[in-house]
Structures are given as structure tokens and as C-alpha cells.
Amino acid sequence: MTKAYGATAADRPLEEMTITRRAPGANDVAIAIDYCGVCHSDLHTVRGEWGGTLFPCVPGHEIVGRVTAVGADVTAFKEGDVVGVGCMVDSCQHCSPCEQGLEQFCENGMTPTYNGDCEEAPGHTLGGYSQDIVVSDKFVLKITHPTEQLAAVAPLLCAGITTYSPLRHWKAGPGKKVGIVGIGGLGHVAVKLAKAMGAHVVAFTTSESKREDALKLGADEVVVSRNAGEMAAHRGSFDFILDTVAAPHKLDDYTGLLTLDGTLTLVGLPDSPHPSPNIGYLIMGRRSIAGSLIGGIPETQEMLDFCAEHGITADIEMIRADGIDEAYERMKRSDVKYRFVIDIATMDA
């Protein structure tokens, strides 16, 4: 039995509850959770905005904690290790994507850390807004950041890998001009990552007030996307643009900025479609619009190691467990720089 915060219905606030975790099996790792990041998808799921929410719903897939026990067949982890758990806790392990370490694209359906089917009560997975969790060792990640940075590491388990994976796949690095659209929970991490990879980084924001912040995050240039002159100055020059915005907007504004064979990759999931893009922009420059979904376990570990090496963490605001609903309301207003993280120790207060 462990304390958790969750919702019993879409129109109910999150509340303290007691949930049951399974006893560790031979290949399991038991983790005492120290910190859990708050993702916008938590809000969408709890409020039933995406449909298919299973209640009671305990969100949270940006988990950092310490190993308290391991199963008899676990060799990669030991009691006391600092570890993380991200957006997945299981997959079939035998389809082609799984065999390539791309468990997020499991052909038989990966199991999300919360709101996914499982055998233990209540019949679906319960996430990291809780004091403890038990996870298959294949989905546990090693964390090597200094202790004082661990709270700010938590959002890397979602925001970090969501942006790292496409930056790596489309080869952001020295000699490449990379754009990051949106300076929020995802975008602020993406700027740091792209800069550390050696790319020339241009941040796009709708707000003049974020110009200075984006430069501090590491952007080489900042473009206010509502300024037509600033946008036009970059036409046809980007090798890659990562669009992190989760609201409908004109993709043409960015496909026109791509160079020959350039790619615009979307990681934000809006609740209604983007306006249809101008296909001429794609045909005339052999440009592409693509999408990307988190990353597999090997790549997530690579991301964590890269971030530890380069001193990259998220910019966070720590909150108490009983402050989650207020945090959700502030998230809806974009009133956070740039990610909330729950101090799980406050569940004992």
C-alpha cells in the first residue's frame, strides 16, 4: 500500500488516496519516488480531454527516485541506485520496433506508465504521483546527475526525450541551422539540447517578452513569429525545425523557412487539426513534415547520459502534492517557467 494523488472522475479534483503496488517479481525494480514532473498530458488525461481515461487515474510519467528492492534476476540495478521511469513501463519486447529499441512504437502497443492496461489492481497502470512504484527492469533508467539536480532531471523523462529523439534522428549538430518553435515545457529543453549538440539554434516565440529568456537558454537568435520581417529574413535557410506547440497554427509559416530537403517535425499534439499546409512549399523544396513520439529505452538512457555530461536539466518550479490542481490551472494559463515538479516527500506532511 502506498500514498498517491489521483482523480476518481474527470470532473473531480485530485485527492490523496491509497493504492496497491505489486510485490517485486524476479525482473522487477521497486522504487521510492522522490520527484515527479507534471506534464500537460497529465492534465488532458485526468480531465478526460483525450477520451479513454481509466479511473481512478494517478498520473505522472516523469519519475525520479531510489531503488528499494530488486528481483532475483535483476543485475543492472541495486538498492540505493538513483533511477528514473519515463512514459512507458512495458512493451511486447519481440516485435520489430521493440527489437530495435523503439518500444514507443511497439506493434502490439506499449504500456504507458499510467492509464494503460495491466494485470494488477485496479486493472490499469497508476503513475508517479505516488510514493512508490514497481517497474520491470527493462524500463528503469540510470541517473547520474548530481543529487542537487534530481528534481530538475524529472521532466527530462518526457520533455527531454520528446525533443532529444527528433533532434538526434534528424541529425542536429555542427553546421546545421535548427529552429525550435515554442519556448515552453518542451521548447526550453529543446533549445538547451540543440545548442549542446552544436547546432546554430533559432528560437521562435509569439511573445516579445520571451526573447531574453530564449537567449539565456542558449538560443543564438530569437524570432518573434508574429513579426513578418523577422520571419522573412530566415526564409529557405533551416535544415531542421522542431515544432513543440500543442495548439493549431499555420505550418506554412515554418515549411517556407526550410532549405532543400529540410524537415519540420511536430511533437505537440493539438486538440483540433492544424490548417492544411500548402503542398507547394513541400514539392518545390523536397521538404517534409514529420512527427515524433518520445524515444525508446536505449535512446532515453542516451539522452540522460548526454544531459548529465552537459549539465542539462529542466527549469522547474517545485510544488507540494496537494498543490497539483492549482498547478494544472496555472499550466492552462501557461503560468510556469517551465515545468512543475512534485516533491513527493510532501505527501507525508
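Trainee: How many positive and negative side chains does the chain have, and how far apart do the centres of the two sets lie?

Mentor: In this predicted model the chain has 29 positive and 46 negative side chains. The centres of the two sets lie 7 Å apart.

Trainee: What makes a residue count as positive or negative here?

Mentor: Lys and Arg count as positive, Asp and Glu as negative, and His is not counted.

Trainee: How do you know whether the radius of gyration agrees with that of a compact globule?

Mentor: For 349 residues, a compact globule would have a radius of gyration near 20 Å. The chain has 20 Å, so the value agrees. The C-alpha trace spans about 60 × 40 × 35 Å along its principal axes.

Trainee: What share of the residues is buried, and what is the accessible surface of the chain?

Mentor: Of the 349 residues, 54% count as buried. The accessible surface comes to about 14,700 Å², and 50% of that belongs to carbon and sulfur atoms.

Trainee: How many helices and strands are there, and what share of the contacts joins residues at least 24 apart?

Mentor: There are 11 helices and 17 strands. Among contacts between residues at least 6 apart in sequence, 67% join residues at least 24 apart.

Trainee: What makes the phi of Gln93 worth a remark?

Mentor: Most residues other than glycine have a negative phi. Gln93 is not a glycine, yet has a positive phi of about 70 degrees. Asn115 also has a positive value, with phi near 65 degrees, and is a residue other than glycine.

Trainee: Where does Asn115 lie, and which residues is Asn115 in contact with?

Mentor: Asn115 lies in the loop between strand E7 (111-112) and strand E8 (132-136). Leaving aside neighbours within four places in sequence, Asn115 is in contact with Thr45, Gly52, Thr53, Leu54 and Thr125.

Trainee: How do you know that the side chain of Asn115 makes a polar contact with Gly52?

Mentor: The limit for a pair of N or O atoms is 3.5 Å. The side chain of Asn115 reaches the backbone oxygen of Gly52 at 3.4 Å, which is within that limit.

Trainee: Which residues are joined by a cis peptide bond?

Mentor: Most peptide bonds are trans. A cis bond joins Ala121 and Pro122, with omega about 5 degrees, and Pro122 is in the loop between E7 and E8. A cis bond also joins Lys337 and Tyr338, with omega about -10 degrees. Tyr338 is in the loop between helix H11 (324-332) and strand E17 (339-343).

Trainee: Why is Glu212 called partly exposed?

Mentor: The relative accessible area of Glu212 is 47%, and exposed would need over 50%. Glu212 is in helix H6, residues 211-217. The C-alpha atoms of Glu212 and Val222 are separated by 8.5 Å, with the two residues 10 apart along the chain.

Key:
Residues numbered from 1 in each chain as written. Predicted model: local features only at pLDDT ≥ 70, side-chain atom pairs only at ≥ 80, totals over all residues. Heavy atoms only, no water. Helix = DSSP H or I, 4+ residues; strand = E, 2+ residues; numbered from the N terminus. Polar contact = N/O pair within 3.5 Å; in protein donor to acceptor, adjacent residues only side chain to side chain. Contact = heavy atoms within 4.5 Å. Rg over C-alpha atoms; globule rule 2.2 N^0.38 Å. Buried < 20%, exposed > 50% of the residue type's maximum accessible area, 1.4 Å probe, protein only. Areas by Shrake-Rupley, 256 points an atom, 1.4 Å probe, with all protein chains shown as cover. Charge placed at Lys NZ, Arg CZ, Asp CG, Glu CD.
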